[in-house]
Amino acid sequence: MIPRRISQPTNDSVVQDERPYRRDLKSFYGLENEDPDAGNPCNIDGAHFQPETYLSKLIQEKSLTDLMDEEQKMVREIRGLDSDMQTLVYENYNKFISATDTIRKMKNDFRKMEDEMDHLASNMSAITDFSASISATLQDRRQQITKLVGVHSLLKKLQFLFELPARLNKCIEMEAYVQAVRYYTKAQRVLHQYEHMPSFQAIHHDCETIIKQLCCKLREKFKQKESTAKQLTECVDLLLQLGEPAESLCQEFLSHARHKLDEDLEELDRQIKLYIGETTPGTEQRPSQAYVTSGMDVLEFVDLGCNGFLSNICLVIASYNDMFLNRPQADESLDTIALRKLVIFVNELMEQYFSFVRKRVQLEKETGDNTILVRALDRFHRRLQAMNKLLPDTDFSRAGTEIVSRGAKDRVAHYLQSLKQHFADCLTDIRQSLAAPRLVGKQDHNARLSDLLGNIQTSVVEQIKSVLINLQAFIASDITFAMKPYFRGPFCSQDVREGLVVAFIKHVCSVCNDFCEVSGDKTMTPPTLLLILSRFCIDLENATISYLLSLAEEQFMVEDKTSVTTMTELFALAKETGQRLLNHYVRFQGLTISQMLRKSVETRDWLNTIEPRNVRAVMKRVVEDITVIDMQVGQLYEEGIRKERSSDSSRRTHALSSAAQQSRRQQWNYAPSVDNSLMSNIQKLFSEKIEIFSAVEFSKVSVLTGIVKISLKTFLECVRLRTFGKYGIQQIQVDTHYLQLYLWRFVSDENLVQVLLDEIVCSAVHRCVDPTMMEPSVIDLICERG
């Protein structure tokens, strides 16, 4: 029966928190640590507990009320302990049943074991008696028997030695070379030890002769081309056991292995020549390859090299290590010599292999998916890393990484070239579209320029995005070299961002700058193309550059930006290129119109011309051309800022001309001693200076203003070189008034046109022999009729 425990008086909360039934069970089974107060007779948990002493102590120390409370507390604890025990028994009922069955089964098993132990004891007793009987019987002959056993063993060894030559010959006939070498090495020490005895001397001589024949056969087999690597390893191992010098065997083994490896390299070279068309399948020597009609793709080529050359050279290295490096050597210098021979041998062959792989990778010129090339490079890189474990003294992974990086860089360079060609094709398409004849009466030229600009922008951006998507195959998560920082960092930042995106943007700007050169055939560039390219460069600055660089940095996770071209530099380059193109466009168009004006002035006799009846056709052509230019520029650029216009812009030229005529007459009437050119120069001092070749802003008004300034300035300089008659000056009046009627609307400041036209009239007056001016009403009538 389990004893019941009555705990010492404590607070009720402490008793409930400690779960006393668990503590009691531990105490019963002896699982608690020893209590230092266990020897106290009043300790209810101790082994020396005395109920009478404990009760006497309670009666002496407690009052009646405390004793009654203590009794109730003990009753509650006893009932709780009984309940806990019942719960514990109920919860572990199945375990108790199983334990009972186990105990019953153990009783039965122990009964059987006792019977077997009794039987074993009787047998051991019988054996002991029998052994004692044998020992007693053979005690007198023990030494003699031991001596006979030794003699028998010696006779068996002598019989083996006498039969050794016959056994060796039999093994050689059966080509059981391993068994023959085992027999000889087993008896070799004894033969060398007793070779001075005549009987053993003959056996030793016969064995040496047979072993020489065996060495010759092994060397013949060693030199056969049909021998496998396993057979070579077996031959070398047997020769080494027979005492052949390891250094010469090293060289012979490597020389023989080189034949097979050279064949693998020749096959790789043949595949490269077949791919580039230097050889034809009909000239092949191997019948099994006659079906091949073209060279392998790069993945098949790498598989051929890995499964052929690399597998064979790995097998050679492993066999060499087992035969010459991993076996114990009497001389440690032999290990160094053997290792040096192997390293030189492997490095020479691997250099040839790397050159073939490098050459084949460089032949990949397709601009499509890079999956096959990346898989090939990944397989090549993985195999080289595995090879380093076989030969730790070499580092082929560095050379392999260089080939992988070079292959990726070549692909980027090839894509860059394809982007350049695509951009050139886009320019060609624009030239063809601009040169294509337009249908009569169909005014779609404005829409055509915006469409051409949109087409080249969309085409270039989409082409770059396509290239970036193709290049993402090099940094896929399942590619081993893509996870290496020595490849990923330079490839993403220097190759893709700098070598592709930035290089292409710089190329675009360079090509556009070439159109601004005046030498060679660049003067034949259509001016509309210059206008489109200038707008294209401005769009590069405003949005395209930042979009492309952000896209590349996001897709390729470019982190190192310390040595890269900044966006600000590219923005400045694109803006400068656009500015040069627009300036060149303004000068080109201005010079084209100036050429017409110059010819119209130089080919006319202004002294003897007839009285003007209409506006000259060249002036109408100038207005038409500037109108077309205005429509073209307005399609690509915004209007720009104009100064406030006056309400009588079309009426001021001839009024100013009349005022100028009156001032000239006053000068001629009242100051004949003063030079007319001097008076003109004095007037220019008080007028605003007009800069003809000033910088052009990116707006339609600024572009047209620049063209008009160049044209009118040329007109002015041509007038200064001519001499006019009465009707010549009047024709200039009509032409300038006609230009004023239409040109003021194209420029930012109409006063600029008025000043230049007034200078033209004044210059003509200075060079007129009879400066008789035409009436303003007549000029209006002629211009309206024109």
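Tutor: A helix here is a DSSP run of H or I with at least four residues, numbered from the N terminus. The model is predicted. Keep that in mind throughout.

Student: How many helices and strands are in the chain?

Tutor: The chain has 25 helices and 0 strands. It has 786 residues, and 39% of them count as buried.

Student: What share of the contacts with a separation of 6 or more joins residues 24 or more positions apart?

Tutor: The share is 78%.

Student: Let's take one residue. Where is L704?

Tutor: L704 lies in helix α22. That helix covers residues 700-720.

Student: Is L704 buried or exposed?

Tutor: Buried means under 20% relative accessible area. L704 has 0%, so it is buried.

Student: Which residues does L704 touch, leaving aside neighbours within four places in sequence?

Tutor: L704 is in contact with I626, I629, D630, V633 and F746. Look at V747 too. It is 43 residues from L704 along the chain, yet their C-alpha atoms are separated by 6.0 Å.

Student: How do I read the packing of α22 and α24?

Tutor: Take the angle between the axes, then their distance. Angles under 35 degrees count as roughly parallel. Helices α22 and α24 (residues 750-766) pack at about 10°, with axes 9 Å apart. They are therefore roughly parallel to each other. On the α22 side, the residues that meet α24 include L712, F715 and L716. Among their counterparts in α24 are L756, L757 and I760.

Student: At what angle do α3 and α4 pack?

Tutor: Helix α3 (residues 51-61) and helix α4 (residues 64-91) pack at about 140°, with axes 10 Å apart. Roughly antiparallel needs over 145 degrees. The pair α3 and α4 is therefore oblique. Here Y54, L58 and I59 from α3 meet L67, E70 and M74 from α4.

Student: Where is the kink in α17 centred?

Tutor: The kink is centred on L540 and comes to about 60°; α17 spans residues 527-556. Of its 30 residues, 23 are buried, so α17 is largely enclosed by the rest of the structure.

Student: What is the phi of the residue just after α17?

Tutor: That residue is M557, with a positive phi of about 50°. Most residues other than glycine have a negative phi. M557 is a residue other than glycine with a positive value. Its place is in the loop between α17 and α18 (567-602).

Student: Now the rings. How many aromatic pairs are there?

Tutor: Rings pair if their centres lie within 6.5 Å. By this rule there are 13 aromatic pairs. Take Y738 and Y742. Planes under 30 degrees apart count as stacked, and those over 60 as edge-to-face. The centres of Y738 and Y742 are 4.9 Å apart and their planes stand at 55°, so this pair is tilted. Both residues belong to helix α23 (residues 726-743), 4 residues apart, about one turn of the helix.

Student: Are Y738 and Y742 buried or partly exposed?

Tutor: Y738 has 7% relative accessibility and counts as buried. Y742 has 29% and is partly exposed.

Student: Which residues form an aromatic cluster?

Tutor: F474, F481, F487, F491 and F556 form one.

Student: Over which ring does the charged end of R360 sit?

Tutor: The charged end of R360 sits over the ring of Y275, 3.8 Å from its centre. For R604, the ring is that of W606, with its centre 5.4 Å away.

Definitions and conventions. Residues are numbered from 1 along each chain as its sequence is written. This is a predicted model: local features need pLDDT of at least 70, side-chain atom pairs count only at pLDDT 80 or more; totals for chains, interfaces and linings use all residues. Side-chain values use heavy atoms; hydrogens and water are left out. Rings of Phe, Tyr and Trp (its six-membered ring) pair if their centres lie within 6.5 Å; planes under 30 degrees apart count as stacked, over 60 as edge-to-face and the rest as tilted. Helices (H or I, at least four residues) and strands (E, at least two) are DSSP runs, numbered from the N terminus. Buried means under 20% relative accessible area, exposed over 50%, partly exposed in between (1.4 Å probe, protein chains only). A charge sits over a ring if NZ of Lys or CZ of Arg is within 6 Å of the ring centre and within 35 degrees of the ring normal. The bend at a residue is the angle between axes fitted to the seven residues ending there and the seven starting there. Axes are lines fitted to C-alpha atoms, for helices over the stretch in contact, and angles run from 0 to 180 degrees between N-to-C directions. Angles under 35 degrees count as roughly parallel, over 145 as roughly antiparallel, 65 to 115 as roughly perpendicular and the rest as oblique. Contact means heavy atoms within 4.5 Å.
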